[in-house]
Structure formats: C-alpha cells, structure tokens
Amino acid sequence: MADALISPATGGALWAAAAGLIAWSSNKVRNDLDDAKVPLMGVLGAFIFAAQMINFTIPGTGSSGHLGGGLILAILLGPHAAFLTLASVLTIQAFFFADGGLLALGCNIFNLGFFPCFIAYPLIYKPLAGTVPTRGRITVAAIVSAIVGLQLGAFFVVLETVASGISELPFGTFMMMMLPIHLAIGLVEGLATAAVVLFVFKARPELLSADPSRPLGNLSIRQVLIGLLGVAVLTGGALSWFASAHPDGLEWSMARTSGHEELATPDQTIYSSLSGLQEKTAVLPDYAFKSGSEGAEGGESSWPAVDAGTSVSGLVGGALTLLIASLIGFTLKRRKEA
C-alpha cells in the first residue's frame with residue numbers, strides 16, 4: 001500500500017498494531033529459537049525478498065500478483081519468527097527501495113504478516129497438513145491457506161482505505177475488485193508455497209513433521225540453506241528481469257474502481273516529511289538505479305527487462321534481509337542466554 005491510501009490516524013493505529021505484534025513475536029522467539037534456526041531466518045528472508053520482486057501475470061485480467069511469503073515462513077520457522085522475518089523484508093523494501101509508503105508500513109506488515117502467520121498457518125494449514133504430512137496434504141493445505149490468508153489481507157486493505165476516508169474508493173466496488181483478483185493471486189501463491197515446502201519436505205522432512213518452533217538440535221539443514229540461498233541469488237539477480245509489466249492486484253483494483261492506478265498524496269506535512277525521508281533512504285528506488293546515476297538505462301521498456309539496476313537491487317536487498325533477519329534471531333537468542 002502507498003501512503004496516498006492511508007490517513008495518519010489509520011496509519012498510526014496499524015503501526016501500533018504491527019509494533020505490538022513484533023514485540024510479542026520477539027518475546028516468543030527469544031524463548032523458542034535455537035541457534036540452528038538463525039541462519040534459516042536469514043536465508044528464508046533473502047528468498048522471500050527476491051521472490052516478491054517477480055510479479056506473475058494473471059491470465060485474461062491485465063493484472064499481476066506476487067508472492068507474499070508469510071505462509072512459507074510460518075511453515076518453516078513457526079509463526080512468530082516468520083512474522084519478524086517478513087517485517088524485516090517489508091521494512092527494507094520501504095526504506096531502501098521505496099516499495100510501499102512509510103506511513104502505510106504498519107498496514108503492510110499487518111496485512112501481509114498477521115493473517116498468513118497467525119490465522120492461515122495455525123488454523124488452516126496445520127490441521128489440513130496433519131501431524132504426518134504427505135505431498136498431497138501439503139499441497140492442498142498450502143493452496144487453501146494461501147487463498148484464505150490473502151483474501152483476509154486484501155479485505156483489510158479495503159477496510160483500511162475506506163476507514164481513512166482520503167480516497168474516492170467506494171467500499172462495495174473496491175471490495176468486489178480486490179477479492180476476486182486476489183483469489184487468483186492466492187491460488188498461484190498456494191502452488192508456489194507448496195513447491196517450496198515440498199522441496200524442504202524432500203530434503204529434510206523432519207522440518208515439517210514437528211512443531212517448527214521446536215529446536216532443531218543436531219539436525220543438519222545445510223542442503224536446505226544452500227538450495228534456498230541459490231534460488232534467492234538466481235531470482236534476485238536474473239529471474240527478476242522476467243517480472244510481469246502488468247499492474248499488481250491492488251493497482252488493478254484501484255484502476256477499475258477509480259480509473260487511476262495511483263492516487264494523489266494529500267498535501268499535508270506528515271506525507272511530505274515521510275516522502276522526503278524515503279527519498280533520502282531509498283538508494284535503489286523502484287528496484288533501479290536513481291535517475292542520472294551511472295548505469296541507469298533509458299529507452300522504452302521491454303520484456304524481459306534486462307537491467308543492471310534490477311539485478312543489483314535483488315542481490316543487495318536479499319543480502320540486507322539475510323543480514324538483518326539473522327541479526328534479529330542472533331540478538332534475541334543472546335538476550336535469552338544473558
């Protein structure tokens with residue numbers, strides 16, 4: 001979500017909600033996380049960052065979607081470590097790549113993190129996958145959970161936008177655009193989630209047959225780490241060129257509702273201040289070199305969009321996420337020992 005959709009009151013309320021969830025999750029992770037899970041947090045964070053750069057086309061709609069990643073993280077890390085990891089991804093995207101507004105960052109963390117981690121995973125995925133998961137049960141559970149989590153997140157985008165009252169997006173029409181398109185996106189995300197989880201299931205089924213919050217002990221996850229890290233590097237460095245040029249589900253819904261994919265930001269001090277801060281911190285805005293920087297490319301857009309700025313963004317963003325997510329896990333673990 002961009003800041004143009006959110007009022008200061010709504011943005012502040014969701015910042016507070018996100019901060020509360022981060023504090024609660026940090027306390028849970030501090031008590032449950034073992035040393036073997038720390039590198040997994042970092043590598044999975046890098047993987048999700050890279051995966052979110054690839055928008056996939058929704059056939060017949062002129063729209064696209066991208067992986068949310070919260071469900072993948074919850075399945076492999078447990079809900080609390082997953083929420084912290086996804087919050088790290090979204091914060092890095094907002095500050096360093098100007099992806100999503102700073103005022104709306106709390107909304108984005110809540111919408112993309114709370115529902116898959118704390119609703120879809122424990123209430124839907126775990127019962128469906130069962131205590132002895134099979135490939136079939138994992139696939140069905142991943143698809144159903146991804147759809148439910150994304151539907152709830154999309155619905156709350158509508159609620160937050162309408163509650164803010166600063167845009168001309170009527171509730172009924174906006175909701176009727178958002179939910180169907182995110183149903184299609186959720187189906188693709190469910191399939192992608194199943195593919196990632198099945199890779200881990202084949203490499204290390206022990207990660208999925210027990211509570212993910214339990215310590216790994218002497219269980220080696222080197223094969224999983226290397227595989228996910230390799231995919232993250234490949235995705236951020238090259239596959240990101242193949243992202244769909246169509247507007248994402250939110251932009252598409254806004255265009256169908258109001259006629260505009262982007263809305264004008266209100267002329268208020270808080271918006272201009274946050275926008276100015278984001279301009280200073282975003283070293284690679286929109287996952288590209290800044291205009292006028294060496295290496296920036298001009299000309300008409302093409303597909304695949306082979307661009308050095310995109311590759312650098314994918315690699316730098318993945319590295320930052322790996323570092324920060326690992327640092328969070330390491331710091332919380334050390335605090336418990338202290």
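A disulfide is defined here as a pair of cysteine sulfur atoms within 2.5 Å. A search of the whole structure finds zero disulfides. Cys-107 takes part in none, and its nearest cysteine sulfur, that of Cys-117, is 17 Å away. Cys-107 is buried, at 0% relative accessibility, and Cys-117 is likewise buried, with a relative accessible area of 0%; buried means under 20% relative accessible area, exposed over 50% and partly exposed in between, for a 1.4 Å probe and protein chains only.

The model is predicted: local features need pLDDT of at least 70, side-chain atom pairs count only at pLDDT 80 or more, and totals for chains, interfaces and linings use all residues. Residues are numbered from 1 along each chain as its sequence is written, and side-chain values use heavy atoms, with hydrogens and water left out.

Cys-117 also belongs to a helix contact, in which Gly-70, Leu-71, Ala-74 and Ile-75 of α3 meet residues of α5 that include Cys-117 and Tyr-121; contact means heavy atoms within 4.5 Å. Helices are DSSP runs of H or I with at least four residues, numbered from the N terminus.

Thr-257 is buried, with a relative accessible area of 17%. Its side chain reaches the backbone oxygen of Ser-253 at 2.7 Å, a polar contact being a pair of N or O atoms within 3.5 Å, where within protein one must be able to donate a hydrogen and the other to accept it, and residues adjacent in sequence count only if both atoms are side-chain atoms. Not counting residues up to four places away in sequence, Thr-257 touches Leu-169, Pro-170, Thr-173, Phe-174 and Met-177.

Conventions
Helix = DSSP H or I, 4+ residues; strand = E, 2+ residues; numbered from the N terminus.
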